[in-house]
Amino acid sequence: MTPSTAVGLGPSPTLSTSFDLETFAATRRGVTSTARACGLDGEALDGFTLATGEVVANAIVHGGGTGILLMWSDGSHLHCQVSDNGPGIPADRIPPPPPAPPPPHAVSGRGLWLAYQCCQLEFRTSRHGTTVELRTRVPLAVDADRPRE
């Protein structure tokens, strides 16, 4: 599988790509460039890329090894939807936002904790797969003709 490149559709660049372990790094680069084109930079860009990478890694490890990633902006928020065809997450295992990081001896759980620190997450799951939507606020563009306050 080869990730597609960011494609401008209307006012908002988008990304639509399949991913697996072999294309993980290229998918992450595509997320970074698309998020930058949508207006994220600095810590917001780094956080969104980190969060998306953790969710994609979870889909690869726990969701059957492959998935689909879609990104779009609605003008005020950047959205990234990561879907897999795994067995789904049991209802009692869908993670709420954790109040604290996992204990140092825990062997898992840090990825989603990090993702929750960087953006909002929404889970939809069934026995046919899981979709996680990540969302973060996009800074408003500064009008060049308007004086800055």
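Me: How many aromatic pairs does a search of the whole structure find?
Reply: Quick heads-up: this is a predicted model, where local features need pLDDT of at least 70, side-chain atom pairs count only at pLDDT 80 or more, and totals for chains, interfaces and linings use all residues. Residues are numbered from 1 along each chain as its sequence is written, and side-chain values use heavy atoms, with hydrogens and water left out. Rings of Phe, Tyr and Trp (its six-membered ring) pair if their centres lie within 6.5 Å. Searching the whole structure that way, the number of aromatic pairs comes to one.

Me: Is the pair of Tyr116 and Phe123 stacked, edge-to-face or tilted?
Reply: Planes under 30 degrees apart count as stacked, over 60 as edge-to-face and the rest as tilted. The ring centres of Tyr116 and Phe123 sit 6.5 Å apart with planes at 40 degrees, so the pair is tilted.

Me: Is Tyr116 buried or exposed?
Reply: Buried means under 20% relative accessible area, exposed over 50%, and partly exposed in between (1.4 Å probe, protein chains only). Tyr116 has 15% relative accessibility, so it counts as buried.

Me: What span does helix 2 reach from its first C-alpha to its last?
Reply: Helices here are DSSP runs (H or I, at least four residues), numbered from the N terminus. The expected span is 1.5 Å times one less than the number of residues. Helix 2 has 21 residues, with 30 Å expected, and its reach is close to that: 30 Å.

Me: Which residue just after helix 2 takes a positive phi?
Reply: Look just past the end of helix 2. With a phi of about 100 degrees, the residue there is Gly64.

Terms used
Helix = DSSP H or I, 4+ residues; strand = E, 2+ residues; numbered from the N terminus.
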